[in-house]
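Visitor: I would like to learn how to read the inside of a protein model. Please take me through one.

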Amino acid sequence: MPGLLQTLDYARAIAAGAVRRGSITQDQAEERVAYLALRQANLRRETPPSIHAVLDESRIRRPVGGKSIMAAQPDELAAFARTPNTVLQVAPYAIGEERAFDLPVNIITLPDRSLMSYAESAQQGHLERDSGAVPPMLTAYYQLQALALSQAESVATAFGVLRTCVPQPQQSRGHPERPC
């Protein structure tokens, strides 16, 4: 789930997992959640940014943090979708190999209408400023939007999945199952 669409409890659960794995310290986890809260506040400023988000279906099917955290997440997505400056869509598993991106990609329109893109992997992020490299990514994004569920279908799907997806302990490894 992209940070801007996470409840703070969801973000805390993700950060706590990183602390347990030894990837970050507790102080870094708290800093990440605090920074996320500041970024989310930008969505409520007087002139908020326009955000169009297409989530892969796996983002709403992966249990994070337990029943109460998962139960709160659909309300966060619905609130985001109700905002006039946002669009939320889910790209269903059914689109298969037509999925345009393997990693999270952000396409940014600057005040002068120029475009940049930002892609992120586990090891690094890459900001593409070359105006010739961004339009093909924008085309791929538009194709993804066309294949994704409508906003109403996406919110309904998220509510249905997230309200019923509750992590259950897995017998063999102690990892949550994915009953969704």
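Guide: We will look at one helix and then at the nonpolar cores. Keep in mind that this is a predicted model.

Visitor: How many residues does helix α2 have, and how far does α2 reach?

Guide: Helix α2 covers residues 26-41, which is 16 residues. From its first C-alpha to its last, α2 reaches 23 Å, close to the 22 Å expected at 1.5 Å a residue.

Visitor: Which residues of α2 are buried?

Guide: Start with the general idea. An α-helix has 3.6 residues a turn, so residues three or four places apart point the same way. Here, A29, V33, L36 and Q40 are the buried residues in α2. Because they cover an arc of only 60° around the axis, they sit on the same side of α2.

Visitor: Which residues are exposed on the other side of α2?

Guide: D27, E31, Y35 and L38 are exposed there.

Visitor: What do the buried residues of α2 pack against?

Guide: They pack against α1.

Visitor: Now the cores. How many residues has the largest nonpolar core?

Guide: That core has 22 residues, and M1, L5, L55, I60, L77, F80 and L88 have the most contacts inside it. At least two core residues come from each of α1 (8-21), β1 (51-56), α4 (67-82), β2 (86-91) and α6 (151-164). The most come from α4, with 6 residues.

Visitor: What is L55 in contact with, leaving aside its neighbours within four places in sequence?

Guide: The contacts of L55 are then M1, P2, L5, I60, L77, L88, Q89, V90 and A91.

Key:
Residues are numbered from 1 along each chain as its sequence is written. This is a predicted model: local features need pLDDT of at least 70, side-chain atom pairs count only at pLDDT 80 or more; totals for chains, interfaces and linings use all residues. Side-chain values use heavy atoms; hydrogens and water are left out. A nonpolar core is a set of buried Ala, Val, Leu, Ile, Met, Phe, Trp, Tyr and Cys residues joined through side-chain atoms within 4.5 Å. Buried means under 20% relative accessible area, exposed over 50%, partly exposed in between (1.4 Å probe, protein chains only). Helices (H or I, at least four residues) and strands (E, at least two) are DSSP runs, numbered from the N terminus. Contact means heavy atoms within 4.5 Å. The expected span of a helix is 1.5 Å times one less than its number of residues. The arc is that of the directions from the helix axis to the C-beta atoms.
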